[in-house]
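Please read the following explanation alongside the sequence and the coordinates. It takes the strands and the helices in turn.

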Amino acid sequence: MTNAGEGRQPFLVLAGVSRHFGATRALDGADLEIAPGEVHALVGENGAGKSTLIKLLSGLHQPGGGAILVDGAAASIAGPLAAEALGFRFIHQELNLVPQFDTVGNAWIGRRHPHRGPFIDRAAMRARVAAVAARIAPDLPLDRPAARLTPGQRQMAEIVRALMTDARLVVMDEPTSSLSEAEAEAERLHAVVRQLSVSGTAVLFISHRLDEVMALADGYTVLRGGRTVGAGRVKDIDRAGLVRLMSGGPASAETLPKAARLAPSGDIALSANIAFGPAGSHAVIEIGAGEIVGLYGLVGAGRSALLKALWGALPVVGTIRLAGRPLAGGPAGRIAQGAVYVPEDRRREGFAGALSIADNLALAHLSDFRRIPRLPLPARGQIHAFARDVGTRLRLVAASLDSSPLTLSGGNQQKLLFGRWLGRPIRLALIDEPTRGVDVGAKAEIHGEIRRIAASGAAVIAATSDIEELMALADRVLVMNGGRIVADLAGAVLTREAVVAAAFGHAPRSHPPQPNRAAAVA
Amino acid sequence: MTLLRRYGTLLALALIVAVFAVASPGAFGTVANLVNITQQMSLLAIVAIGATLVMVVGEFDLSVSAVVSFAGIAAVSLFGAGHGIAAVFALVVIAALAMGTVSGFLVARFAVPSFIATLAFGTVIGGLTFWISDGATLFSGIPPAFRDLGRGTVLGLPVPTLWLIGTAVIAWLLLDATEFGRRLYAIGGNREAARLVGLPVRRDMIIAFALSAGLAALAGLLLAARLGSAHPTGGGGYLLSAYAAVFLGMTAFREGEPSVPGTLVGAAIIAVVSNGLTILGVPSFLQDLMTGAIILAAVLVRQLGRAGD
């Protein structure tokens, strides 16, 4: 935490701004004050109005009421160019680089390029970018297309782009959500934020990670239901206080206590010994019925690939057995044997935006909803009844089950991916990032659902980058590094430190991998 | 292997040239014939360069062949009405730019899928062309000076080849060395990002469509000049060949992006295959078969190379 911004006059003030979309009040009297050089956290559950507020600052939406004051004068931000002229820069949640352009090319998009005669001057372009990069990310590759940068490098490339001209305010929407928490890249980003602050550039960031908020921010603003319900200095509040403001109630959900559960039965449900994905990836796994195994690792460690391999969506060499029977036949074969999969990327891999919520819920087992058992004609009534049941059980908040899942908030989209598997026996659940970008309330509900699935006797593997979630959810943790399982931690040795150490390639303390459960460190 | 993946299409062109040179000694490989090939590919390549500009922003312009036909018919009709060469050139190109602007506007402003918008608008242009010409081939009233724009040689190079060189150099500099070109690639690479940094996405897309139509009109004018006549469906063959050249070109360089040098390589492959097979006396249906097979092979090699990444 820096002390910048303390006692200084705010240069940016949002006073009672509102913005309605039809009948939906996305913002309904939100206030925000940011001082020069201040690191300010904007927190709130999904749907609290954070993204809308940022869109007002970036000129993508216009406020329906209230005022935006810059240096004390009312400012009208008509579009991205107006925001740019005010010195506002935006690092959006979906990275907005041109994948084919390198760092230099991306940094200059939308700016007047240096010219030599009538043509752009690549050498001058590169020199300017190199000068900016030298300050914040000296080892960032400048000539590599963004498509081939790591997520952390892409983010640095975006920040370099933001700082090409003098910036007064850099807005970051969930800057570390695509980075592993333990990863050096997240720490690197924090260092850059502090550096910006010291040099007088204010940083406004949205985060669902309260640890990050407490560690990084000077000031905070909490939004709930489109209103500012609290604001102040971070040093004057604690996590529980923030959670109370965000949820409007006592902090019960956020601390995620490990639920008291019956011990797993000890019967092996899933056993696998497979080579998969990138060369050298190999895993030996045994998971008991009713056990929740957390899968942790840095970005690129092979968590998602392992889950996809178990799901039959990636080529696999080796054997996978579920309750003693070989798992085969790709995803359809897995489903038939009682396995389910929740992908990491909701929009790309999770659902079909062109189908309704109800149809998406029924998608994975359409053959269960037939008018006549042998005829592949979907029974709409049954599909709707199923969707209503699932919606009730998961407390799905949707305008209509006939609308597109794209209209749902992130948390409700995630519930939909769980909901499609309900109502049939589950023997194996493969879950990739159960709650990324999901608000605190929905997170607790999803964790409850995962525990119910395990309690019904299923083996559960949940991959997550969120170490709090890992510690709260998992009975046992497998840590991956370089496509291999390098640690198998449970009981007393299952500590944050051990998990992080293993993920970074250090041997886990006092607990060598068991030959049967984890592949040897290469 | 990396070399093959990156320059496979160029190597294929070299291989095809070598095979024809060996198969027909004294005919294919002569300087005169190679120069002739540059002339044969010139109009196709000009149309394909226009298609490349639209492809860079991630869209299709399926109206190019209709514009080629329109330009020829419009030019000969205007000559018949007594207009001079400069006026005819200007009028036809301006009309084509306007047509491209309409296509681009439909796509950029109303988000009509370009496949559909340009297919439909191309059909409209085709109907207009038939209307003007009454469905007939037009050839009267073409001044000899106009014909010289599409035939003969200057400094030993065929005139159409010179048009192609000029077009290619300008388009290549435009795409690779100007801010406008960077913007087009940015729009094609990530349209949302381009919009968020305030690029004039709609305007630039419209300009790309206008330039595509303008180049198609240039090709149509040169075609009429070379043939000394214009037929209302005279440009019909250019659409698929032009896109074949663009797609072949995308396999030739740079991570699969459309580019002017790539499109030139693609057009050259198509022209070389056609020329070489003609010299060998291969019937034309077999030429089509071979050309199609080569395009499929190039794209397939590319995909297999990607899968290995």
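This is a predicted model: local features need pLDDT of at least 70, side-chain atom pairs count only at pLDDT 80 or more; totals for chains, interfaces and linings use all residues.

Chain A has a mean pLDDT of 83, with 88% of its residues at 70 or more. Residues 250-257 of chain A fall below 50, and in the model this stretch makes 16 contacts beyond near neighbours in sequence. Residues 506-522 of chain A are also below 50, with 27 contacts beyond near neighbours in sequence.

Leu169(A) is found opposite Ala202(A) of E10(A).

Another set of strands in chain A involves E1, E4 and E5. Strand E1 (residues 12-21) of chain A is antiparallel to strand E4 (residues 65-70) of chain A, with five bridges between them. Leu69(A) in E4(A) faces Val13(A) across this pairing. E4(A) also pairs with strand E5 (residues 73-74) of chain A, again in the antiparallel sense, over two bridges. Here the bridge partner of Leu69(A) is Ala74(A) in E5(A). E4(A) and E5(A) make a hairpin with two residues between them, and Asp71(A) in the turn has a positive phi of about 55 degrees.

Strands E13, E16 and E17 of chain A can be followed in the same way. Strand E13 (residues 268-276) of chain A and strand E16 (residues 316-322) of chain A run antiparallel and are joined by seven bridges. One of the bridge pairs is Ala275(A) with Val317(A) of E16(A). E16(A) pairs in turn with strand E17 (residues 325-326) of chain A, antiparallel and over two bridges, and Arg321(A) has Pro326(A) in E17(A) as its bridge partner. The hairpin of E16(A) and E17(A) has two residues between the strands, and Ala323(A) takes a positive phi near 50 degrees.

In chain B the topic is helix packing. Two packed helices are described by the angle between their axes and the distance between the axes. Helix H3 (residues 64-80) of chain B packs on helix H5 (residues 114-133) of chain B at about 25 degrees, with the axes 9 Å apart; the two are therefore roughly parallel. The crossing of H3(B) over H5(B) is left-handed. Residues of H3(B) in this contact include Phe70(B) and Ile73(B), and those of H5(B) include Gly122(B) and Ile125(B). The contact has seven nonpolar, six polar and no charged residues.

H3(B) also meets helix H10 (residues 201-227) of chain B. Their axes come within 7 Å and cross at roughly 50 degrees, which makes H3(B) oblique to H10(B). This crossing is right-handed. Among the residues in contact are Val64(B), Ala71(B) and Gly72(B) from H3(B), and Ala213(B), Ala217(B) and Gly220(B) from H10(B). By class, there are 11 nonpolar, three polar and no charged residues.

How does H10(B) run relative to helix H7 (residues 159-177) of chain B? The axes cross at roughly 175 degrees and come within 12 Å, and the helices are therefore roughly antiparallel. Trp163(B), Thr167(B) and Leu174(B) of H7(B) make contact with Leu211(B), Leu215(B), Leu218(B) and Leu222(B) of H10(B). Six of these residues are nonpolar, one is polar and none is charged.

Technical notes. Residues are numbered from 1 along each chain as its sequence is written. Chains are lettered from A and ligands numbered from 1 in the order in which they are written. Side-chain values use heavy atoms; hydrogens and water are left out. pLDDT is the predictor's confidence in each residue, from 0 to 100. Contact means heavy atoms within 4.5 Å. Axes are lines fitted to C-alpha atoms, for helices over the stretch in contact, and angles run from 0 to 180 degrees between N-to-C directions. Helices (H or I, at least four residues) and strands (E, at least two) are DSSP runs, numbered from the N terminus. Angles under 35 degrees count as roughly parallel, over 145 as roughly antiparallel, 65 to 115 as roughly perpendicular and the rest as oblique. A crossing is left-handed if the near helix is turned anticlockwise from the far one by less than a right angle, and right-handed if clockwise. Ala, Val, Leu, Ile, Met, Phe, Trp, Tyr, Cys and Pro count as nonpolar, Asp, Glu, Lys and Arg as charged, and the others, Gly among them, as polar. Two strands pair if DSSP finds at least two bridges between them.
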